[in-house]
Amino acid sequence: QVQLVESGGGLVQPGGSLKLSCAASGFSFSRYPMSWYRQVPGKERELVATISTSGIATNYADSVQGRFTISRDNAKSTVYLQMNSLQFDDTAVYYCRTVRAGVYYWGQGTQVTVSS
């Protein structure tokens, strides 16, 4: 079955950086676009970034444009999110996601906390 496992979250100072990873298994990773979402308690889950199957095309939420970079390594079945210039509002649980046959698949998430 599809499995997505995020890692790399943690506590970071404002202006700092983190790199998140999402290891995928159970499906043909290279055939599907991948996305990163984040969620704060009491708010809807928010799309952060999306990457095409080849990794060439990317899309970002306005709030992270210029600070975050999504990438993928199809040979490793892994998608990454490089997070720079982190701000307090970036604090959230970050999830990777894919869709197959109309079904959403989510990882368990990794907590990112930006705090001084």
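**From labels to values**

Modeller: Gladly, and please keep in mind that this is a predicted model. Let me begin with the disulfide, of which the structure holds one.

Biologist: What makes Cys22 and Cys96 a disulfide?

Modeller: Their sulfur atoms are 1.8 Å apart, and the cut-off is within 2.5 Å, so the pair qualifies as a disulfide. The angle about the S-S bond is 50°, and the link of Cys22 and Cys96 is right-handed.

Biologist: Why do you say that the pair ties together separate parts of the sequence?

Modeller: Because Cys22 belongs to strand E3 and Cys96 to strand E9, parts that are 74 residues apart in sequence. Both Cys22 and Cys96 are buried as well.

Biologist: Let's turn to the rings. How many aromatic pairs are there in the whole structure?

Modeller: The search finds four. One of them joins Phe27 and Tyr32, with 5.8 Å from centre to centre and 70° between the planes.

Biologist: Why is the pair of Phe27 and Tyr32 called edge-to-face?

Modeller: Centres must lie within 6.5 Å for a pair, and planes over 60 degrees apart count as edge-to-face.

Biologist: Which residues do ring pairs link into a cluster?

Modeller: Phe27, Phe29 and Tyr32. The ring of Phe29 also has the charged end of Arg72 over it, 4.3 Å from the ring centre. Arg97 lies over the face of Trp106, at 6.0 Å from the ring centre.

Biologist: What about the nonpolar core? Which residues have the most contacts inside the largest one?

Modeller: That core has 28 residues, and Trp36, Val79, Leu81 and Tyr94 have the most contacts inside it. The elements giving two or more residues include strand E4 (34-39), strand E5 (46-51) and strand E7 (68-73). E3 provides the largest share, four residues.

Biologist: What does Leu81 touch?

Modeller: Leaving aside residues up to four places away in sequence, its contacts include Leu20, Trp36, Val48, Phe68, Ile70 and Tyr94.

Biologist: One last case, then. Why is Tyr80 called buried?

Modeller: Tyr80 has a relative accessible area of 16%, under the 20% limit, so it is buried. Tyr80 lies in strand E8 (residues 78-83). Beyond residues up to four places away in sequence, Tyr80 touches several others, among them Lys19, Ser21, Trp36, Ile70 and Arg72.

Biologist: How far is the C-alpha atom of Tyr80 from that of Ile70?

Modeller: The two C-alpha atoms are separated by 5.6 Å, with Tyr80 and Ile70 ten residues apart along the chain.

Notes:
Residues are numbered from 1 along each chain as its sequence is written. This is a predicted model: local features need pLDDT of at least 70, side-chain atom pairs count only at pLDDT 80 or more; totals for chains, interfaces and linings use all residues. Side-chain values use heavy atoms; hydrogens and water are left out. Buried means under 20% relative accessible area, exposed over 50%, partly exposed in between (1.4 Å probe, protein chains only). Contact means heavy atoms within 4.5 Å. Rings of Phe, Tyr and Trp (its six-membered ring) pair if their centres lie within 6.5 Å; planes under 30 degrees apart count as stacked, over 60 as edge-to-face and the rest as tilted. A charge sits over a ring if NZ of Lys or CZ of Arg is within 6 Å of the ring centre and within 35 degrees of the ring normal. A nonpolar core is a set of buried Ala, Val, Leu, Ile, Met, Phe, Trp, Tyr and Cys residues joined through side-chain atoms within 4.5 Å.
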